[in-house]
Amino acid sequence: MANITEVDYEKMPGQAATIRTEGNSLKDNLNGLFTEAKNMHENRYGLRYNSLITELNSMIPVVDDILKLVIDEIPVALETVARNYALADGATPNTVNEKEMPSMESIETTVDVGMRFISTSVSANKDTIETKIQNALENLSAIESEYSNVVWDSESATAFSEKFSSLKSSIEIALNSVKTNLSKLMVAAEEDISNAEQNNTVQ
């Protein structure tokens with residue numbers, strides 16, 4: 001059990017609120033990423049589009065885990081520790097705000113006939129997706145930075161830190177992979193269109 005001198009319980013509710021706020025922002029950016037990828041179907045479809053959607057859907061279990069961790073588990077743990085120490089110290093206890101996290105919804109892959117690629121519109125979709133990815137990565141860094149400032153020496157604190165680091169690494173790899181593959185898919189799609197136009201040219 002941690003010694004009370006190793007816990008700054010007065011700061012914990014504020015730190016919990018900051019982590020939860022960044023967590024909600026992370027959720028919004030990831031939801032925005034999935035929504036924009038879904039909207040891309042209006043301008044782009046075919047096997048290459050479906051491969052992007054499959055990659056995004058494969059992220060959902062890890063996304064659900066980290067959102068639960070940073071919106072619910074870590075903030076609630078900090079608020080609970082702060083409350084317990086405040087009660088022991090005769091101070092006014094803070095509120096513990098438990099949250100119930102809904103799961104991310106997967107994007108349905110489609111069985112379309114043929115291929116569609118509207119270059120200007122797809123480029124706009126790509127730019128939005130890349131912005132959402134960058135914002136999500138910044139959210140993860142902000143959460144990591146805030147949690148590193150928490151003064152709480154215990155096995156639970158270490159376990160939360162290790163779990164977050166593992167999930168953060170997994171999501172960063174997945175998001176950067178999506179960003180890289182999105183660019184590759186754009187180039188490949190343009191090549192597909194170019195090749196099709198050449199093959200369709202009447203001599």
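Q: Okay, starting with the whole thing, how much of the protein counts as buried?
A: In this predicted model, 40% of the 203 residues of the protein count as buried.

Q: And how many helices and strands are there?
A: The secondary structure comes to five helices and two strands, and if you follow the elements from the N terminus on, they run α-β-α-α-β-α-α.

Q: What about contacts, how far apart in sequence are the residues they join?
A: Taking the contacts between residues at least 6 apart in sequence, 87% of them join residues at least 24 apart.

Q: Let's look at α1 and α2. How do their axes cross?
A: Helix α1, residues 12-39, and helix α2, residues 47-58, have axes that come within 11 Å and cross at roughly 160 degrees. An angle over 145 degrees counts as roughly antiparallel, and α1 and α2 are therefore roughly antiparallel to each other.

Q: Is that crossing left-handed or right-handed?
A: The crossing in which α1 passes α2 is left-handed.

Q: Which residues meet there?
A: From α1 the residues are Leu33, Phe34, Ala37 and Lys38, and they meet Tyr49, Ile53, Leu56 and Asn57 of α2. Sorted by class, this contact of α1 with α2 has six nonpolar residues, one polar residue and one charged residue.

Q: Switching topic, how many aromatic pairs does the structure hold?
A: The structure holds two aromatic pairs. One of them is formed by Tyr9 and Tyr85, whose rings are stacked, with 6.4 Å centre to centre and 20 degrees between the planes.

Q: Where do those two tyrosines sit?
A: Tyr9 lies in the segment before α1, while Tyr85 lies in helix α3, residues 60-88, so the pair ties together parts that are 76 residues apart in sequence.

Q: Are Tyr9 and Tyr85 buried or exposed?
A: Tyr9 has a relative accessible area of 11% and is buried, and Tyr85, with a relative accessible area of 13%, is buried too.

Q: And the other pair?
A: That pair is Trp152 and Phe160, whose ring centres are 6.4 Å apart and whose planes are at 40 degrees, so the pair is tilted. Trp152 counts as buried at 12% relative accessibility, and Phe160 counts as buried at 17%.

Q: I also clicked on Asp72. Where is Asp72 found?
A: Asp72 is found in helix α3, and because its relative accessibility is 12%, Asp72 counts as buried. If you leave aside its neighbours within four places in sequence, Asp72 is in contact with Arg20, Leu67, Glu98 and Lys99.

Q: Last one, Leu167. Which helix is Leu167 in?
A: Leu167 has its place in helix α5, which covers residues 155-200, and with a relative accessible area of 11% Leu167 is buried.

Q: What does Leu167 touch?
A: Not counting residues up to four places away in sequence, Leu167 touches Val62, Asp65, Ile66 and Leu69. Leu167 and Leu69 are 98 residues apart in sequence, and from C-alpha to C-alpha they are 9.4 Å apart in space.

Methods
Residues numbered from 1 in each chain as written. Predicted model: local features only at pLDDT ≥ 70, side-chain atom pairs only at ≥ 80, totals over all residues. Heavy atoms only, no water. Axes fitted to C-alpha atoms, helices over the stretch in contact; angles between N-to-C directions. Helix = DSSP H or I, 4+ residues; strand = E, 2+ residues; numbered from the N terminus. Parallel < 35°, antiparallel > 145°, perpendicular 65-115°, else oblique. Left-handed = near helix turned anticlockwise from the far one by under 90°. Contact = heavy atoms within 4.5 Å. Nonpolar A, V, L, I, M, F, W, Y, C, P; charged D, E, K, R; others polar. Phe/Tyr/Trp six-rings, centres within 6.5 Å; stacked < 30°, edge-to-face > 60°. Buried < 20%, exposed > 50% of the residue type's maximum accessible area, 1.4 Å probe, protein only.
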